[in-house]
Amino acid sequence: MKTLVPALRGAVALLACTALIAPPIGAAIAREAPPAEPDVALSDLVNPLMGTDSNHELSYGNTYPAVAVPWGMNFWTPVTGKPGSGWGYMYHDPKINGIKQTHQPSPWMNDYAAFSLFAETGELKLKEDERASWYSHKAEESHPYDYKVYLADYDVTAEVTPTNRAAQFRFTFPKSDDAHILLDGLAGGSMVRIDAANRRITGYVRNNHGGVPGNFHNYFVAQFDHDFTVSRTWDDNWQMTAETTREGGHVGAVVSFKTRDGEQVGVKVASSFISPEQAQRNLDSEIGRDSYAQTQSKAKAAWEKELGHIQVSDPNLDNRRTFYSAMYRMLLFPRMFHEVNAAGKTVHYSPYDGKVHDGPLFTDNGFWDTWRAVFPYFALVRPDLDGQIMQGLANAYQEGGWLPEWMSPGQRDVMIGSNSGNIIADAYINGVRGFDVEKLYEAMVKNATTSEGRPRDVKGNVISAVGREGVEYYNRYGYVPYDVGINESAARTLEYATADFSLSRLAAALGKTADATKYAAQAQNYRKLYDAQSGWMRGRNKDGSWMTPFNPYAWGDAFTEGNAIHYSFSAMQDVQGLIDLSGGDKAFTDKLDSVFTRPPLFDDSYYGSVIHETREMQIVNMGQYAHGNQPIQHMIYLYDWAGQPWKTQAHARDVMARLYSPTPDGYPGDEDNGQTSAWYVFSALGFYPVTPSVGQYAIGSPLFRAVRVTMPGGKTLTIEAPNNGPKNVYIQSVTFNGKAHDKPWLSREMLQGGGTLRFVMGPTPNTNWATSKANAPFSMSAPQARP
């Protein structure tokens, strides 16, 4: 507690002068919209640099400018930091040392199967820090479908444009007798082979940070359109010779040219996790004889198609830029890990058993983050894709014996929960088909039953993120005890209870009534952690006593990247139950209000230092509301259950205005595989998926004046708010297809069926709209609201 005393004194004064419960509709919201500009392609509204001005201590997204097609197997990105650090591109860095093929889902997970290309003139420099060139953002162009940068030290312009499993590079050189292109295999195991007669470099890389079997390789082929004047390779000691083949821990190749001023050298690159032959097949099938411009055009068309599922119209161009930048991030992960073989079949190398299998596989995703809004978007708008991802999960379970929770590319020991069950049940309940649901149900029940036999890492340690750590305790006591040596026990309990709800819903849909009853009862286990004296969720010991000492401002310990305040709203399956525990609607909304009016105190003693998520909460002046991390992102919408939806409206618009922008510091914390972006996308549409597997969306406050969403089957949902604007954040009335809508939620059937959802907005709350308890969204404790 002593670390809190200095902050507490100032915080008491802050609290005393805090008068407003709803957030102020202040400077951040009230900015006048800039004049409308001519319409542009949706992909050109995207800023891939949004969120890149981050570092280890403070995240404004922790993103990198991914040059990719949606869900592509390979991304490409410029590298400004040291390869292997996790922080490959940081906006504030002044130099670039390569453009690498990347599969990194997060700097905290780091990369795998990466290699880079770079161009130089003059004296050859190999090491990353020595070869790095000064560059300027004024001579940098970044789009989802291409990247272009001027390497000032070498007078070279480098460009790259992608396909799913391949890419084209274009390097524009000055007049030079010593123009070079380097292919760096990076540290972690690599091989290069130069075939000068065929203008080709082939090889493989094996770098990774776990989650791979012993035979893991990423095989690549790089096809040049110019003859080489000189070709060389380097070894682990950066010693360069004329040898055409090199293998080691960190090797690379250099090919050189004589160039005229403005001469362009093209390189077509592809890779495969299956074989060198498959890498060549990927190159031939995805690029073939296409020019750079043709590949660029196809990549842009792929983005226009996906972004075009949602067409927004609004005079505020920055809002449109933020929306499509967020949507771009939402459509990157999980990445395809499958390929198409010579027979035209979809096959994949399995990071679970090291074999090649038929069927799809997706990877690079943490379900702790993305179950909340990313996968609900897929289920709503792209159920065909969602079905493929679910079948990929069934394949992963078949090959590895367990459902993944954080895979990159295979099982990784990161985060907690049993959230794979949420995305599976949510998909099936919301009409997604095309996958082996019985196999996935079996996997979900296994997670809920035992922790024995889970996979182990290369050091022989159990990967505790797989399955449910402490499930035997959970099934015996109804919670994971605080005093049995399992970290983050309260967070685990709350997340298992939500997963049990999803399991019960899927069991009921499959006709497994006994299981449905059993897991519905377990979904109420969140109640066992509610401490009526403090009013917060709290860790509990085996004997039923509460953990002590207890500080609701303490991050970690019984919770995961958050505190008791954040996790006390983590019973999405039963918000009415939380209301009842709190003492009714007023007590509950007072508690919600207090999250914003409490000072941003924190106790970081569990971690031993300030983690970036804590700092990000502290600096945005929103009290204890930590939007930069996932556990509390849904909380704003809970006012809809308690009869005060106007506060949801005010907070949602306030967060969108203050914490998001289409700039390098445009996110409030880690973007996390599209989840923080998906929060924005849904919220800007005017609704959000709080409760998994019920097909309901809590209404917030739409951001735009007009939106068209193309739903499955080609049906169109039109969202209109013609008098919307920076000050008109409150809903006055709603109609759907001309009929008054007085519920603070929408159903999947309504949205997917198409029609016109019309909002009348205003500058002051309408405290009569959608306040009836009978019209509240679904809760387990409010059976009359069942969908």
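Predicted model: local features only at pLDDT ≥ 70, side-chain atom pairs only at ≥ 80, totals over all residues.
User: Which residues does His309 touch, leaving aside residues up to four places away in sequence?

Analyst: With that exclusion, His309 touches Tyr377, Val381, Arg382, Arg708, Val709 and Thr710, where contact means heavy atoms within 4.5 Å.

User: What makes Gln618 a partly exposed residue?

Analyst: Gln618 has a relative accessible area of 28%, and so it is partly exposed. Gln618 has its place in helix α19 (residues 612-619). Not counting residues up to four places away in sequence, Gln618 touches Pro600 and Phe602; the C-alpha atoms of Gln618 and Pro600 are separated by 5.2 Å, although these residues are 18 residues apart along the chain.

User: How do you know that strand β4 is mostly covered?

Analyst: Strand β4 comprises residues 115-121, and seven of its seven residues are buried. Phe115, Leu117, Ala119 and Thr121 point one way from β4, whereas Ser116, Phe118 and Glu120 point the other way, and all are buried.

User: What makes β3 and β10 partners of β4?

Analyst: Two strands pair if DSSP finds at least two bridges between them. Strand β3 (residues 98-102) and β4 have three bridges in the antiparallel sense, and β4 has six bridges, also antiparallel, with strand β10 (residues 176-184). Ser116 in β4 is the bridge partner of Lys100, and Ser116 also stands opposite Asp184 in β10.

User: Why are β29 and β35 said to stand at the edges of their sheet?

Analyst: Three strands form an open sheet here, in the order β29-β30-β35, with antiparallel pairing. Each of β29 and β35 has a single partner strand, so one side of each is left without a neighbour in the sheet. Strand β29 (residues 687-688) is joined to β30 by two bridges, and three bridges join β30 to strand β35 (residues 745-747). Tyr688 stands opposite Ala698 in β30, Phe687 has Ile699 of β30 as its bridge partner, and Gln696 stands opposite Ser747 in β35.

User: Which way do the residues of strand β30 point?

Analyst: In strand β30 (residues 696-699), Gln696 and Ala698 point one way and Tyr697 and Ile699 the other way, and all are buried.

User: What makes β21 and β23 edge strands?

Analyst: Three strands form an open sheet in the order β21-β22-β23, and the pairing is antiparallel. The edge strands β21 (338-340) and β23 (356-358) each pair on one side only. The twist in this sheet averages 35° from one strand to the next, where axes are lines fitted to C-alpha atoms, for helices over the stretch in contact, and angles run from 0 to 180 degrees between N-to-C directions. β21 pairs with strand β22 (residues 346-349) over three bridges in the antiparallel sense, and Val340 stands opposite Thr346 in β22.

User: Why are helices α20 and α21 called oblique to each other?

Analyst: The axes of helix α20 (residues 645-659) and helix α21 (residues 675-685) come within 10 Å and cross at roughly 130°. Angles under 35 degrees count as roughly parallel, over 145 as roughly antiparallel, 65 to 115 as roughly perpendicular and the rest as oblique. The helices α20 and α21 are therefore oblique.

User: Which residues make the contact between α20 and α21?

Analyst: The contact is made by Ala652, Val655 and Met656 of α20 and by Trp679, Tyr680, Ser683 and Ala684 of α21.

Note on methods:
Residues numbered from 1 in each chain as written. Heavy atoms only, no water. Helix = DSSP H or I, 4+ residues; strand = E, 2+ residues; numbered from the N terminus. Buried < 20%, exposed > 50% of the residue type's maximum accessible area, 1.4 Å probe, protein only.
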